[in-house]
Amino acid sequence: MSRSSRIVLLILLPLALLAGAARAQSTAEDEARRRAANIAAFPDAARAHFGQKTTPAAAMKARAIGSYARGCLAGGKALAPDGESWQVMRRARNRNWGHPELIDYLESFAREVPKLTGWAGLLVGDISQARGGPMLTGHASHQIGLDADIWLTPMPRKRLDADDRENMPAVNMARADWRDVDPKNWTPAHTRLIKAAASEPRVERIFVNPALKVALCREAGSDRSWLNKVRPIWGHNYHFHIRMSCPPGVEGCAGQEPPNFGDGCGEELAGWIERQHKAIFNPPKPKPGPKPKPKPPMSLDALPQECRQVLVSR
C-alpha cells in the first residue's frame, strides 16, 4: 500500500467506524430519512431500484447472482420475524431476506444457541433486501442473500415489541482503547458462538472487529482451525458477520477463495489493531480546501445482466 493510500485510509477509518456505529444504533426515523435522501440524490442508481423492492422475485428459481458486493438475489426466502430462538431486529428495513440455504442455516443455528451459550437465542440484524442488490443505507456486501449480521447482544427472554426492534441499541463489545474486548460485555459464550458459526462447513468467512479477534485468538483453546475463517474488519464491534459459500450448483454465484491465512493471530492482527487505534485516536488532519465530490453509487449496468430480470420479475 502506498503512503498516500495509507493516509487516505487513516482519514476515512474514523468516519467508517462512526458510520458503522451510527447504523447499528440508528432509529427507524433516522433510517427513513437517509433512505429518502439517497433516493432523491441518485434516483437511477442500482440501490434506489433494489432498495424500493419490498417483495422477492418469487417466480424465479432461488439463485445468488454475482458476487457478495456486486449482485442480486432471485427467489429469496424471508427469515420469519420471530422464531423460538431468534428475533429479527430493525424490521422496518425489510432486510430479513436471503437465499434459502442461508435462511435454513440461520434457523438451525439459532436452535443450537441456547445449548451453546445459555442465551435465549439470537438477535438477527441485516441479511439482504427482498431481491438483494445494493442497499440504500449501509453495507457494500449483503447483495446476494448469503451474508447475515448477528448481534452480539444476547436475545432477551421476552419478546421485544415493535419499538424495541427498531430503536433498542446494540452493545459495543470493544474496549475503550479498541485494542481488546470490554470484559463487562464480552463473555466466553461469545467465543463459543462465533466458533460454532465458523466451524460450519458451508460458512466461508466470519467478520469481526480486530479487537474481537484478539479475544478469539486468546480464548480459542487447542483447536484453532476455525480461526482461519474469522477475519478482522472495521466496524463489526456490535455484531459479527456470517458469509456463506455459494451453494453447490448455483450458476453465476462468484464466491471467494478458501481462507489460507493461518489463524490470523500474529503480525497481521497486530497491524490491524495499530491502524485502528491510530485512526481513531490520532488521525491525520484532512488537507485544506474543498472536499472531493462523492463517488456516484453503483449503476444497474455494473451488476450482472440477470439482475435486471430480477428487478422486473413477479
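Colleague: Which residue in E2 is the bridge partner of glycine 66?

Modeller: Strands of a sheet pair through backbone hydrogen bonds, either parallel or antiparallel. Here the bridge partner of glycine 66 in E2 is glycine 71, and strand E1 (residues 63-67) pairs with E2 in the antiparallel sense over five bridges; two strands pair if DSSP finds at least two bridges between them. Helices (H or I, at least four residues) and strands (E, at least two) are DSSP runs, numbered from the N terminus. Before going on, note that this is a predicted model, in which local features need pLDDT of at least 70 and side-chain atom pairs count only at pLDDT 80 or more, while totals for chains, interfaces and linings use all residues. Residues are numbered from 1 along each chain as its sequence is written, and side-chain values use heavy atoms, with hydrogens and water left out.

Colleague: In what order do the three strands of the open sheet stand?

Modeller: The order is E2-E1-E12, with mixed pairing. Strand E2 (70-74) and strand E12 (253-254) stand at the edges with a single partner strand each, so one side of each is left without a neighbour in the sheet.

Colleague: How should I read the packing of H7 and H8?

Modeller: Two packed helices are described by the angle between their axes and the distance between the axes. The axes of helix H7 (residues 210-219) and helix H8 (residues 267-281) come within 9 Å and cross at roughly 145°, where axes are lines fitted to C-alpha atoms, for helices over the stretch in contact, and angles run from 0 to 180 degrees between N-to-C directions. The contact (heavy atoms within 4.5 Å) is made by Pro210, Ala211, Lys213, Val214 and Cys217 of H7 and by Leu269, Trp272, Ile273 and Gln276 of H8.

Colleague: Is serine 313 buried or exposed?

Modeller: Serine 313, in the segment after helix H9 (306-312), has a relative accessible area of 15% and is therefore buried; buried means under 20% relative accessible area, exposed over 50%, and partly exposed in between (1.4 Å probe, protein chains only). Leaving aside neighbours within four places in sequence, serine 313 is in contact with Ala57, Ala59, Met60 and Arg131.

Colleague: What does the accessibility of isoleucine 39 make it?

Modeller: Isoleucine 39, found in helix H2 (residues 28-41), counts as partly exposed because its relative accessibility is 23%. Residues up to four places away in sequence not being counted, isoleucine 39 touches Gln52 and Leu136.
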